[in-house]
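Please find my notes on the model below.

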Amino acid sequence: MTAVQPVNVRWIDADGGELQHLVAMRDELAAVRPLLYVTVHPAAMRARGDEPAALHRFLADIGYVPELLEESGDVERWMFQHPDGTRP
């Protein structure tokens with residue numbers, strides 16, 4: 001019998017607070033390496049003083065690889081996965 005591996009997935013939609021949310025999760029991201037589905041609101045991020053590129057740099061610095069799933073109006077939906085983490 002094959003052991004079943006747990007699936008670790010986090011969905012984040014923080015209306016512009018995505019970067020702060022991910023920074024607060026840094027220890028979990030480094031330890032668990034969950035698959036991330038992140039809805040990015042670029043205009044709302046900028047209104048808070050953040051840039052979407054900073055979110056991408058933060059995740060790249062801890063090994064996550066982005067894949068753009070959808071762009072719709074002022075919303076981007078991304079999947080980020082770590083090479084050593086959960087696979088979709």
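1. Basis. This is a predicted model, in which local features need pLDDT of at least 70, side-chain atom pairs count only at pLDDT 80 or more, and totals for chains, interfaces and linings use all residues. Residues are numbered from 1 along each chain as its sequence is written, and side-chain values use heavy atoms, with hydrogens and water left out.

2. Confidence. The average pLDDT (the predictor's confidence in each residue, from 0 to 100) is 91 for the protein, and 89% of the residues score at least 70. Helix α2 (residues 26-32) has the lowest confidence, with a mean of 91, and helix α4 (residues 52-61) the highest, at 97. Helices (H or I, at least four residues) and strands (E, at least two) are DSSP runs, numbered from the N terminus.

3. Strand β4. Strands count as paired if DSSP finds at least two bridges between them. Strand β4 (residues 75-81) runs antiparallel to β2 (residues 35-40), with five bridges, and antiparallel to β3 (residues 65-72), with seven bridges. V40 is opposite E76 in β4, while L68 is opposite W78 in β4. The hairpin of β3 and β4 has two residues between the strands, and G73 there takes a positive phi near 60°. Five of the seven residues of β4 are buried, so the strand is largely enclosed by the rest of the structure. Buried means under 20% relative accessible area, exposed over 50%, and partly exposed in between (1.4 Å probe, protein chains only).

4. T39. This residue belongs to strand β2 and is buried, at 4% relative accessibility. Beyond its neighbours within four places in sequence, T39 has contacts (heavy atoms within 4.5 Å) with W11, I12, D13, E18, V75, E76 and R77.

5. Salt bridges. The whole structure contains three (a side-chain nitrogen of Lys or Arg within 4 Å of a carboxyl oxygen of Asp or Glu). E28 pairs with R10, the closest N and O atoms being 2.4 Å apart. Since E28 is in helix α2 and R10 in strand β1 (residues 9-13), this pair ties together parts that are 18 residues apart in sequence. Both are partly exposed, E28 at 28% and R10 at 24%.

6. Remaining pairs. For R46 and E51, the closest N and O atoms are 3.2 Å apart; for E70 and R77, they are 3.5 Å apart. R77 is partly exposed, with a relative accessible area of 32%, and E70 is partly exposed at 37%.
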